[in-house]
Amino acid sequence: MTTAYFSHPDCRLHDMGAGHPECPQRLDAIEDQLLSSGVDVALTRFDVPLAAHSDLLLAHTEGYITELEEFIRQAIETGEHRALDPDTYVGPHTWQAALRSAGAAVAATDAVIDGRAENAFCAIRPPGHHATRSQSMGFCFFNNIAVAARHALDVRGLKRVAIVDFDVHHGNGTEDIVAGDERILMVSFFQDQIFPFTGGVPLGSNMVNLPVPPYTRGGEVREMIEANWIPRLEDFKPEMLFISAGFDAHREDDMGRMGLVEADFEWITRRVVELARRHAKGRVVSCLEGGYALSSLARSVVAHLRALADV
């Protein structure tokens, strides 16, 4: 099995200010853990292009893209951070990083469809699953996974794809973009009643949302996945699976109050890979979302990659 690894130095340059949890050191921690664990030798590194304007239009409105570019241009001119909301800032390198992140997701999709890799992981930032069709929020600017899923459908001609979103926060942006698109089945779990305070009522019949209470542990999440995700995914028979991989549901991450550990993320990933082998020629593309406690993030990504690479 070939697992492709997509990352780029531009993704590290995006910086939302001192003390912000969505920091460049997240990628450093992952790289360090890849080396110390030896998992890096099981990966094949690929180049990361910039996303094209046409790629972004697969998930976002023209007006939103134009307004965001102008907002960031002003940050480039001043060299200062600018706040889009109390949690989400842009800086001089944000535009380039956001284009690399979306570009990685598209390139990974092409690599897997073309058979140059069986599956792929994108170690990218900024993350994407809170970015709606026309609004940035929650540290996100472009919805990387939605862009990739629509690229598989609208550009590469697949008929059905699934999005698996595991993160302590609901992927409201992805749901906003894909709800009602019956070519896409989205399954997710997230801690209930925290940011972005959505997901309790699905926006479409193609959504399987699992809001879970605080302090839920991995065993309970596994049971809910088996009972709710897996039957829908098996019936849907996706031709490719996309993962919004957030690791802030780890018990060491204080962004939320869930109790998962590395073994839980590995188990979830192996279940997705098993399903992909049955229905989708093994085709999986995963993109980094949350995870802000650096040690648990890095360990969890390595566990995720062990399952993808089957090592």
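User: How many nonpolar, polar and charged residues are in the lining of the largest pocket?

Analyst: A lining can be read by sorting its residues into classes. This model is predicted, and in it the lining of the largest pocket has six nonpolar, five polar and four charged residues. The space in that pocket comes to about 150 Å³.

User: Which of the residues that line the largest pocket are the closest to its centre?

Analyst: His130, Gly138, Phe139, His169 and Phe195 are the closest to the centre, out of 15 lining residues. Two of these names return when we look at the backbone. Phe139 has a phi near 75°, a positive value in a residue other than glycine, and Phe195 is joined to Pro196 by a cis peptide bond.

User: Which value does phi take in Tyr215, and is Tyr215 buried or exposed?

Analyst: Tyr215 is not a glycine, yet its phi is positive, at about 70°. Its place is the loop between S8 and H8. With a relative accessible area of 58%, Tyr215 is exposed, whereas Phe139 is buried.

User: Now the cis bonds. What is omega for the bond that joins Arg125 and Pro126, and what is omega for the bond from Phe195 to Pro196?

Analyst: Omega is the angle to read for a cis peptide bond. Between Arg125 and Pro126, omega is about 5°. From Phe195 to Pro196, omega is near 5°. Pro126 sits in the loop between strand S5 (119–122) and helix H6 (144–155). Pro196 belongs to the loop between strand S7 (184–191) and strand S8 (207–212).

User: What does Arg125 touch, not counting residues up to four places away in sequence?

Analyst: A contact list shows which parts of the chain meet at a residue. Arg125 touches Cys11, Arg12, His14, Glu22, Cys23, Pro24, Arg26, Leu27, Ala97 and Ser101. Arg125 is itself in the loop between S5 and H6. With a relative accessible area of 0%, Arg125 is buried. As for distance, Arg125 and Ile145 are 20 residues apart in sequence and 12 Å apart in space, C-alpha to C-alpha.

User: Which residues line the largest cavity?

Analyst: First, count the cavities: the structure holds one of 30 Å³ or more. The largest cavity has about 50 Å³ of space. Its lining consists of Ile225, Trp229, Ile230, Leu233, Leu241, Ile268, Arg271, Val272 and Leu275. By class, that is eight nonpolar, no polar and one charged residues. Helix H8 (218–236) and helix H9 (262–279) each supply at least two of the lining residues.

User: Which residues have the most contacts inside the largest nonpolar core?

Analyst: Phe6, Phe189, Trp229, Leu241 and Phe242 have the most contacts inside this core of 83 residues. Helix H5 (residues 94–113) gives the most to the core, with eight residues. Another core, of 15 residues, lies apart from this one, with Phe71, Ile72, Ala98 and Phe141 among them. Trp229 also lines the largest cavity. Beyond four places in sequence, the contacts of Trp229 include Val164, Phe189, Leu210 and Ile268.

User: Last, Glu226. In which helix does Glu226 lie, and which residues is Glu226 in contact with?

Analyst: Glu226 lies in helix H8. Leaving aside neighbours within four places in sequence, Glu226 is in contact with Pro231, Trp267 and Arg271. At 33% relative accessibility, Glu226 counts as partly exposed. Between Glu226 and Asn144 there are 27 Å in space, C-alpha to C-alpha, and the two are 82 residues apart in sequence.

Methods
Residues are numbered from 1 along each chain as its sequence is written. This is a predicted model: local features need pLDDT of at least 70, side-chain atom pairs count only at pLDDT 80 or more; totals for chains, interfaces and linings use all residues. Side-chain values use heavy atoms; hydrogens and water are left out. On a 1 Å grid over the protein atoms alone, a cavity is a set of points where a 1.4 Å probe fits but cannot get out, and a pocket is an open set with protein on both sides within 12 Å along at least five of seven lines; lining residues have an atom within 4 Å of a point. Grid points are joined across faces, edges and corners, and a volume is the space filled by probe spheres set on the points. Helices (H or I, at least four residues) and strands (E, at least two) are DSSP runs, numbered from the N terminus. Ala, Val, Leu, Ile, Met, Phe, Trp, Tyr, Cys and Pro count as nonpolar, Asp, Glu, Lys and Arg as charged, and the others, Gly among them, as polar. A nonpolar core is a set of buried Ala, Val, Leu, Ile, Met, Phe, Trp, Tyr and Cys residues joined through side-chain atoms within 4.5 Å. Buried means under 20% relative accessible area, exposed over 50%, partly exposed in between (1.4 Å probe, protein chains only). Contact means heavy atoms within 4.5 Å.
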